[in-house]
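Here is a friendly walk through some strands, helices and charged side chains. Please keep the view open as you read.

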Amino acid sequence: MKSYKKDVLSIKISEVNCESRFSLSSKDYAKFQITNQNAKKLKSLLVVQPKFGREIGSDFYMKKSSYRFLKTVNISDGYLLDLGTVEYCKPGNTVFPKKNDILIVKDGAGKGLGEVTLYLYENKDNGDSISSGLIAIHVDDNMRNYILAVLKSQHFKDFIDLNTAQGSTIRHSKKIGLEYEVPFPSKNNNINPKEVETLISVIVENILDKEKQIKVKQNKINQFIKEELLNNQGSDTYTYSYPKITEIKKSKRLDTGIYEEKFNKLNFLISNYKNGFFKISEDKFSSGGTPKVRVFNPKNENYKWVTPAFISDEGFYNPSQTINMKEKNNISEDCILIINRTSRGKKGEYVGISCFYDVNKYGVGHHNQGLYRVSEYSKEEKLFIVCLLNSEIYRKICGCVSIGSKMKEMKSVDFTEVKFLNFPESIRKQIIEEYYKESNLKNKESVTLTNYVEKSKLRNSELGIFQNSFEVVHLRKQLEDIIDKIINNQEIDVESYL
């Protein structure tokens, strides 16, 4: 990860009074790096006044409503909104985002501060409103993707970090993001600077389309599973009753999850499915471990370091870190990795998120104890199990089976009780291909700036969730590289990125 912060070794006493609000923290005197002077302040690029979010008060929250209250947690690392933990509310707020607004996190902690996303909904009826931790800005449509890419870069995040006062938990950047100097390509980068802007814009359009396709394909998987399950039920009829003392003694559990009607109905539908189900025996689950001695991101002997934080809700592992360690790595073949406890502030139903670890693409790796590993199945069977576990139905099942209050957890013995639907081969194939499928279209076949978006969208529609997610990682790295060259006045060969 590139950094644009440069520490200083000494300062003048006058700088303590003038530049950093009387701060004695060395971090507040770090310098911000930018060589390119062809830049414009973000606030000068807005076509309307920025919108600053407001809080609604605890009385306004509702479990079921057509009104959504967007908060900092909904602005994730992706380019699109993360609605996995969206909260609902009564009408009453007065700050509403509009289509193609860019949302900026101005109040946050850790990597969340300065995060941005694109809001793509019309919001004609003001069903969505934003919290006080967010700013909504609108730029000209012709430069929207370019501005979005720059604001998603490490350069913008470092600017926010350096210009925001330190805090114990939540930090407040106020309006500082609007003072950011947005760098633009110059002739030092390319004889035709506009081509560089166009290049960045079309890559962003490709990423946006891939993220949309990932959501579309996940919805298709959910639909396939629901239709096959509901259309092929046996003759038994579902009725709900409170648990008997014999059931409680058998399960040895007093928590209510496995006795709820939601769980019992889903469990009945799976048990009553005409083609039956299968279970994974406990001996097939392998635990992870955290090595005592490890070096992150070493120059050689790289193993991928896999933790729940690097696995997306859609079931994709993003190889963000590598390690060097004395112990032998525990991932050396294709496998399923299953999150066995909640993390990242997710709800209990997010226990059970899984991903397919493709050794041919990732190389060998090592996972920690927050994940279980399952290896003893064919590739197709592994992919199918991953698709089931990441579906709406199995998220709800794992949410009910999980144990705990703040940090939900499932032991391997709990996973052995999960019933996996035994779908016909034809349905399995349809589901698997939405998650894992290569494209017959060549990535660089006669691609130009003019047809890049058209060809990319056609290809994205063919790729599975896994492949689209994998390419998003590559495209994000391309953007960071191009923006870094813009900042440092380095030459940019447009064709090499197509």
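## Strand β20 and its neighbours

Strand β20 (residues 335-339) pairs with strand β21 (residues 354-357) in the antiparallel sense, over 4 bridges. Strands and helices here are DSSP runs, numbered from the N terminus: a strand is E with at least two residues, a helix is H or I with at least four. Two strands pair if DSSP finds at least two bridges between them. Another partner is strand β23 (residues 371-374), which is joined to β20 by 4 bridges and also runs antiparallel to it. There, Ile 336 has Val 374 as its bridge partner.

How much of β20 is buried? The count is 5 of the 5 residues, so the strand is largely enclosed by the rest of the structure. Buried means under 20% relative accessible area, exposed means over 50%, and partly exposed lies in between (1.4 Å probe, protein chains only). If you look along β20, Cys 335, Leu 337 and Ile 339 point one way, while Ile 336 and Ile 338 point the other way.

A word on how to read the model: residues are numbered from 1 along each chain as its sequence is written, and side-chain values use heavy atoms, with hydrogens and water left out. Because this is a predicted model, local features need pLDDT of at least 70 and side-chain atom pairs count only at pLDDT 80 or more, whereas totals for chains, interfaces and linings use all residues.

## Strand β12 between two partners

Strand β12 (residues 134-137) has buried residues on both faces: Leu 134 and Ala 136 point one way, and Ile 135 and Ile 137 point the other. Strand β4 (residues 51-52) is joined to β12 by 2 bridges, and the two run antiparallel. In this pairing Lys 51 stands opposite Ala 136.

Strand β8 (residues 101-105) also runs antiparallel to β12, with 4 bridges joining them. Val 105 has Leu 134 of β12 as its bridge partner.

## Two covered helices

Helix α2 (residues 144-151) is largely enclosed by the rest of the structure, because 8 of its 8 residues are buried. Among them are Arg 144, Asn 145 and Tyr 146, along with Ile 147 and Leu 148.

Helix α3 (residues 154-162) is mostly covered too, with 9 of its 9 residues buried. The buried residues of α3 include charged ones such as Lys 157, Asp 158 and Asp 161, as well as Phe 156, Phe 159 and Ile 160.

## Salt bridges

Side chains of opposite charge can pair when their charged atoms come close. A salt bridge is counted when a side-chain nitrogen of Lys or Arg lies within 4 Å of a carboxyl oxygen of Asp or Glu. By this rule the model has 23 salt bridges.

Which parts of the chain does the pair of Glu 471 and Lys 210 link? The side chains of Glu 471 and Lys 210 meet in a salt bridge at 2.7 Å, N to O. This pair links distant parts of the chain: Glu 471 is in helix α13 and Lys 210 in helix α4 (residues 193-230), 261 residues apart. Glu 471 counts as buried because its relative accessible area is 18%, and Lys 210 is buried at 1%.

Lys 106 and Asp 107 form a salt bridge at 3.2 Å, N to O, and both residues are buried. Elsewhere, Lys 41, Lys 43 and Glu 179 are linked in a network of salt bridges.

## Charges at the surface

Glu 195, Glu 491, Asp 493 and Glu 495 form a negative surface patch. Patch residues have over 30% relative accessible area and no salt bridge, with like charges joined within 9 Å. Glu 491 sits in the segment after α13 (465-487), and it counts as exposed because its relative accessibility is 65%.

Lys 124 is in the loop between β10 (116-119) and β11 (128-130). Is Lys 124 buried or exposed? At 68% relative accessibility, Lys 124 counts as exposed. The C-alpha atoms of Lys 124 and Lys 99 are separated by 9.1 Å, and these residues are 25 apart along the chain.

How values were computed
Patch = residues over 30% accessible without salt bridge, like charges linked within 9 Å, V, L, I, M, F, W, Y side chains within 5 Å. Areas by Shrake-Rupley, 256 points an atom, 1.4 Å probe, with all protein chains shown as cover. Charge placed at Lys NZ, Arg CZ, Asp CG, Glu CD.
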